[in-house]
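Please read these points with the chain open beside you, and go through them in order.

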Amino acid sequence: MPSRDATTHWEGGLQNGKGHVTLDSSNAGQFDVSFPTRAGNPEGQTSPEELIAAAHSSCLAMNLSGVLESQNLRAESIDVSAEVTLGPAAGGGFEISGIAITLRATVPGVDAAKFAELAKTAEQTCPVSKALAGTTITLDAALD
C-alpha cells in the first residue's frame, strides 16, 4: 500500500504566525492555516482538526462500504460527518478532546439492529479510527 504525504510551511510565532498546507501526494489542494483561525472563527482557513475530520469521515464511509459488502449488502448511500473538537489539555496546551461521528445510510435488506452492529464494526476497524484510538470517539449510526 502506498504512503501519502502533505507538507506545511510555517512563518512566525503561534499567535501571529501563519502557515500553508499542501497535499503533496494528490496535489488536490493547498490550504492556509493559523492558530487564531484554528481556535476561533475559521475565516476561510482549514485546521488540523478539519483535516482529521475529513480523513475520518472519508475513511469510515469507505470502510463501512467494505463491511457491508462482506455481508453481501450494498449501500445506496452513506453519509458520514465527523466533528473534531479541540480543547484544553490537562497540564496545559491543547488536545483533541473528542470526535463525534454521525453516520446515515440507506442500505436495502438490513434492519436497524444489524446495521448498528455493522456500523460499529466499521468504526472499530477503520484505519483512521485506529490511529485516533487515544481520543474519545462517539458514533451515532442510523439508517435513513
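1. How far is the sulfur of C59 from the closest cysteine sulfur? Please keep in mind that this is a predicted model. The closest cysteine sulfur is that of C126, and because the two sulfurs lie 3.1 Å apart, they are too far from each other for a bond, the cut-off for a disulfide being within 2.5 Å. C126 likewise takes part in no disulfide, and a search through the whole structure finds zero of them.

2. The aromatic rings deserve a point of their own. The count comes to one aromatic pair, made by F35 and F94, whose ring centres are 5.5 Å apart and whose planes meet at 55°, so the pair is described as tilted. F35 is buried, at 10% relative accessibility.

3. Lastly, please look at the hairpin. Strand β1 (residues 6-11) and strand β2 (residues 18-23) run antiparallel and are joined by six bridges, and T7 stands opposite T22 in β2. Six residues lie between the two strands of this hairpin, in which G12 takes a positive phi near 95°.

Notes. Residues are numbered from 1 along each chain as its sequence is written. This is a predicted model: local features need pLDDT of at least 70, side-chain atom pairs count only at pLDDT 80 or more; totals for chains, interfaces and linings use all residues. Side-chain values use heavy atoms; hydrogens and water are left out. Rings of Phe, Tyr and Trp (its six-membered ring) pair if their centres lie within 6.5 Å; planes under 30 degrees apart count as stacked, over 60 as edge-to-face and the rest as tilted. Buried means under 20% relative accessible area, exposed over 50%, partly exposed in between (1.4 Å probe, protein chains only). Two strands pair if DSSP finds at least two bridges between them. Helices (H or I, at least four residues) and strands (E, at least two) are DSSP runs, numbered from the N terminus.
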